[in-house]
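Hi everyone, thanks for coming.

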Amino acid sequence: MTDGTEHPSDSPTRRAFLEAGALALLGLAAPPLAPPAAAQGGKRGGTLVVAADVSPPGLDPQKSAAAHSWMIAEHVYSNLLRRDAKMSIVGDLAESWQVVNDTTYVFKLRRGVVWHHGRDFMAEDVKYSFERMLDEKTASPWRSNWQIIDRIEAPDRSTVRFVIKRPFAPLLSYLATPHYSAIVPRDVVEKHGDLQKEASGTGPFMLERFVPDNTAVLKRNPKYYEAGLPYLDGLEYRIIPDEAARLAALRAGSVHYLWSVDPLIDRQLQGAAGVTLREPDGYCAQHGMAFNQTKPPFTDARVRRAVSVGINRKEIIASVLRGHGAVSTKIPPCDAPFGYSGDEKGLPYYVHDSAQAKRLLGEAGLGGGLDTTLEVSPRFPQTVRTAEVMKEQLAAAGIRVTLKQVEWGAQLKNFVRTEYEGMSMIPLVWQPDPDAHVYDIFHSGSKINLGKFKDAKVDQLLEQGRTTLDRDKRVAIYRELQRHMADEAYLIFPYASGATEALRDTVKGYVSIPGAQPGSRSREFFKQTWLER
Amino acid sequence: MATYVGKRLLLLIPTLLGVSVVAFLLIHLIPGDLVTILLGITAGQNDQTRQALIHALHLDRPLAVQYLLWLGDVLRGDLGHSLVSGFSVRDELARSYPVTLQLALMAMTIALAVGIPLGIVAATRAGRTLDASTRVFSLLFISAPAFFIGTVVIIAGARYAPWLPTLGHVPFSESPGRSVLHMLPAAASLGLAISAIIARFTRGSMLDVLGQDFVRTARAKGVADAVVVYKHTLRNALIPVVAMAGTQFVYLIGGAVIIEEVFALPGMGRLVVNAIYQRDYTMIQGAVLLLTSAAVLVNLAVDLLYHVIDRRILYA
């Protein structure tokens with residue numbers, strides 16, 4: 001749950017993106033890379049304009065934890081691995097790789113790759129990139145992800161060997177996640193101090209100009225290693241904070257692409273000529289509500305269960321999201337088979353039942369009902385609406401909730417430290433691996449255990465999930481973990497939702513992966529996108 | 001006069017210091033944790049990563065020391081770097097402030113160019129149809145917030161005149177013509193709201209003066225109506241209008257956050273609000289310093305303007 005930095009203005013769903021069981025490849029030498037996707041009727045030329053809502057606080061993929069930074073940076077930089085449209089892990093800068101044993105991975109690099117500033121790309125650059133993130137002075141938000149690394153060796157210009165401290169199932173997922181593991185050039189970092197305003201990568205687009213609060217202009221990399229790509233001459237992220245203004249720009253045709261988490265987007269764009277809406281293909285971004293379990297009443301499982309059965313998830317999805325969402329745990333439905341399929345089946349205390357909630361309260365000695373608080377931030381209107389509906393539903397079960405609206409920075413701090421009275425709810429984001437979804441926020445030894453609960457069984461499942469490399473066994477572990485978490489109701493996940501994309505009809509060749517994060521994880525798709533003129 | 005200006009400028013120094021101390025303390029009083037905001041929930045709680053960042057940002061030093069470190073750098077001409085992005089604060093201010101100044105000047109020009117003539121017309125035709133229509137205009141623009149008018153302009157523009165640039169910003173240095181054109185809808189949305197207030201003010205002030213003895217005397221002497229209105233009345237009526245417009249202008253140069261958001265203008269308003277959300281202390285300090293200086297200087301300019309309008313007003 002490495003989120004919480006610069007949250008987009010309305011919901012961070014946009015930074016969530018999908019990962020499905022890509023770990024199947026583990027233990028096998030990867031097949032040689034398929035030939036680059038050749039032009040399939042794509043036309044060269046044109047600049048695609050994306051309307052972004054928040055200005056990125058710098059573009060250095062190793063320094064900024066903000067989604068708005070990497071949704072631009074991922075077009076500039078490449079990684080060792082990437083995900084294809086089916087979410088399988090395939091090679092990017094690595095042509096092939098081999099898992100030598102549990103803790104040793106060898107990557108063979110593509111030859112002939114050139115940095116945007118003209119120098120040849122080589123194995124030493126990969127080693128440097130990870131060492132930069134591990135260096136305390138970089139203060140990289142991804143540092144803790146890579147502390148598993150024992151050493152990285154570059155025996156020759158096109159070979160990199162990773163030696164890790166112990167078996168670590170999420171490794172390849174992480175290497176295929178643009179913001180976690182972008183490969184950066186040492187000479188450019190050293191020249192400018194960091195890559196917040198300057199950039200040079202090996203990706204399909206090169207940074208031409210970045211003016212904070214205004215625009216980021218990228219142009220085509222003519223030496224990109226997939227011949228013929230990208231089709232576009234350029235890609236521009238125009239920063240337009242106001243949603244009504246973004247939609248107006250799309251109508252007027254000055255913007256080609258945007259996304260929105262507003263479930264009323266279809267009405268807002270009704271009658272807009274030349275605009276097509278794409279529903280999210282899966283729901284990846286969850287809301288999470290935590291209980292303060294350092295003191296009664298939420299130390300009692302029966303009280304937490306009463307809240308869980310007291311809320312009506314389906315009704316929330318129907319009203320707040322107008323149906324554009326699904327029942328979820330922390331591992332969302334779009335992460336099937338790790339995630340549950342989007343309904344309540346197999347998850348205890350997920351089906352709404354006010355009478356049962358009252359009974360549970362009675363058993364816990366709270367027959368007269370319960371008064372408690374729920375913190376939310378007005379920064380996220382959807383979260384506030386969700387809380388309002390939950391308040392009504394819980395009132396029917398005898399749980400009287402007082403909503404407390406708290407400024408986002410303050411709420412986030414309270415939330416991670418469990419410094420709130422009763423309950424607190426924030427939007428959560430999708431993570432590139434089931435382990436990343438749950439380990440830090442569920443583990444009893446973690447400082448950011450949400451709600452400060454301790455459960456030996458949870459800890460054991462978390463460790464198993466992290467070190468088990470067999471995919472089927474791993475799926476079973478995470479499904480058991482989610483069932484157990486629902487049974488104990490340590491945390492409440494009311495739903496998972498997604499964002500709708502809107503495109504001008506002139507945009508061709510754009511594909512989004514199931515449940516993909518609009519605006520982000522779109523590198524694959526923008527490089528194959530073209531404009532019909 | 002010169003001593004007066006000199007005194008006012010000297011007064012700037014304690015004002016700025018005082019404001020910067022208050023701003024520095026206030027932002028530290030707001031709950032919330034910069035490190036968590038910066039690093040995200042997971043990394044933000046990793047002890048080593050956290051400590052490294054806190055140390056790098058001097059956040060482990062006492063508040064007074066942090067303030068003095070900052071002040072020392074400022075005196076050497078260095079406003080420091082953003083705690084969030086690492087951008088140079090001076091560069092960021094130099095980028096955003098021209099946008100805000102341009103917007104303020106354009107909006108004020110529109111406000112005065114529309115508001116004063118409307119006020120005069122309304123005053124000279126008090127109680128007649130033209131007066132009533134300017135009253136409707138004024139009430140409309142005083143009641144409807146500028147961001148509402150702005151949103152209507154943008155949506156209507158997209159639908160009926162999609163070729164019209166309504167969004168975004170072209171720096172003045174890049175192309176003055178396109179820059180002014182791009183900013184016109186935003187400046188008009190802001191300016192018309194202020195023009196409505198100026199029109200009401202001008203009308204009231206004009207009517208006051210028109211009722212005074214010297215005006216009647218002038219009329220009795222047979223002075224032409226236009227001379228009575230524009231020479232004798234207007235000049236006397238303008239002083240409260242200038243005072244009020246000056247106050248409005250001070251607000252404008254502080255950055256019009258909402259209009260900047262609606263029209264996607266990269267000005268000071270957005271810079272400051274984002275800095276506050278992100279607890280970007282150095283950026284807030286730099287911005288407060290700049291905005292306070294600008295406000296004090298504009299106030300001084302307005303005071304001096306009184307003398308230009310009415311030579312009887314002198315400064316000691």
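One term before we start: two strands count as paired if DSSP finds at least two bridges between them. Please also keep in mind that what you see is a predicted model.

Let's begin in chain A, with a sheet. Which strands build it, and in what order? Four of them, arranged 4-5-7-6, in an open sheet with antiparallel pairing. At the edges sit strand 4 (94-101) and strand 6 (149-156) of chain A, each of which pairs on one side only. On average, neighbouring strands here are turned by 20° against each other, if we ignore direction.

As a reminder, strands of a sheet pair through backbone hydrogen bonds, either parallel or antiparallel. Now zoom in on one pair. Strand 5 (residues 104-109) and strand 7 (residues 159-164) of chain A run antiparallel and are joined by 5 bridges.

Staying in chain A, have a look at E501(A), which lies in strand 20 (residues 500-504). Is E501(A) buried or exposed? The cut-off for buried is 20 or more other C-beta atoms within 10 Å. E501(A) has 22 C-beta neighbours inside 10 Å, so this glutamate counts as buried. From E501(A) to R110(A) it is 391 residues in sequence and 34 Å in space, C-alpha to C-alpha.

Over to chain B. This chain has 14 helices and 0 strands. Its C-alpha trace spans about 85 × 55 × 35 Å along the principal axes. Of the 316 residues in chain B, 39% count as buried. Take the contacts in chain B between residues at least 6 apart in sequence: 72% of them join residues at least 24 apart.

Finally, where do the two chains meet? Here 42 residues of chain B are in contact with 44 residues of chain A. On the chain B side, the elements giving two or more residues include helix 4 (47-56), helix 8 (146-160) and helix 13 (268-277). By type, that side divides into 21 nonpolar, 15 polar and 6 charged residues.

Notes
Residues numbered from 1 in each chain as written. Chains lettered and ligands numbered in written order. Predicted model: local features only at pLDDT ≥ 70, side-chain atom pairs only at ≥ 80, totals over all residues. Contact = placed C-beta atoms within 7 Å. Helix = DSSP H or I, 4+ residues; strand = E, 2+ residues; numbered from the N terminus. Nonpolar A, V, L, I, M, F, W, Y, C, P; charged D, E, K, R; others polar. Axes fitted to C-alpha atoms, helices over the stretch in contact; angles between N-to-C directions. Buried ≥ 20, exposed ≤ 12 C-beta atoms within 10 Å, placed from the backbone.
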